[in-house]
Amino acid sequence: RIWEEAWQGGRIDFGLQGWGRLFCRSGWADPEPQGSWSAAKSCWLFLPRLPGQPETVQLRLLLTPFLASDEQSMEVWQETSRLGSWSFHAHIVHQVRFATRLPALLEFRVKRPTKPTSMGGTDTRPLGFQLHSLQVR
């Protein structure tokens with residue numbers, strides 16, 4: 001029952017008040033008000049297949065990259081298949097879309113996770129992107 005409630009009609013919120021933490025596996029920092037940061041070169045999400053849900057679905061993610069230089073790149077993998085690859089050039093909210101089969105264990109590979117301390121900050125986590133929400137269609 002908790003999985004159905006967490007999906008909220010196909011949308012998962014990864015902020016402090018959302019259920020996104022249920023889906024996060026290794027590589028994620030604790031949730032913050034606006035979302036959860038990837039805090040490793042690879043981070044993982046598990047998405048179950050709920051009763052009555054189709055096996056193949058489209059996912060739409062809202063995320064903000066952490067840019068230490070002029071670009072951040074990310075790939076999404078499921079087992080041995082690359083589902084998508086993106087490059088970001090601005091520290092703004094981006095949409096990424098891709099299809100997957102459920103249940104899914106998704107690996108997000110960040111090309112250059114960076115510690116904000118390298119830019120004069122105090123945060124020592126290697127950040128890649130902040131995941132705000134995921135929508136299943």
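Trainee: Is arginine 82 buried, partly exposed or exposed, and what is its relative accessible area?

Mentor: This is a predicted model, where local features need pLDDT of at least 70, side-chain atom pairs count only at pLDDT 80 or more, and totals for chains, interfaces and linings use all residues. Residues are numbered from 1 along each chain as its sequence is written, and side-chain values use heavy atoms, without hydrogens and water. Buried means under 20% relative accessible area, exposed over 50%, and partly exposed in between (1.4 Å probe, protein chains only). Arginine 82 is therefore partly exposed, at 49%.

Trainee: Which side chain meets arginine 82 in a salt bridge?

Mentor: A salt bridge puts a side-chain nitrogen of Lys or Arg within 4 Å of a carboxyl oxygen of Asp or Glu. Here the N to O distance is 3.2 Å. The partner is glutamate 75.

Trainee: How many residues apart are arginine 125 and glutamate 32?

Mentor: Their side chains form a salt bridge at 3.0 Å, N to O. Arginine 125 lies in the loop between β8 (104-110) and β9 (129-136), glutamate 32 in the loop between β1 (11-13) and β2 (36-37). Strands here are DSSP runs (E, at least two residues), numbered from the N terminus. The pair links distant parts of the chain, with a separation of 93 residues.

Conventions. Helix = DSSP H or I, 4+ residues; strand = E, 2+ residues; numbered from the N terminus.
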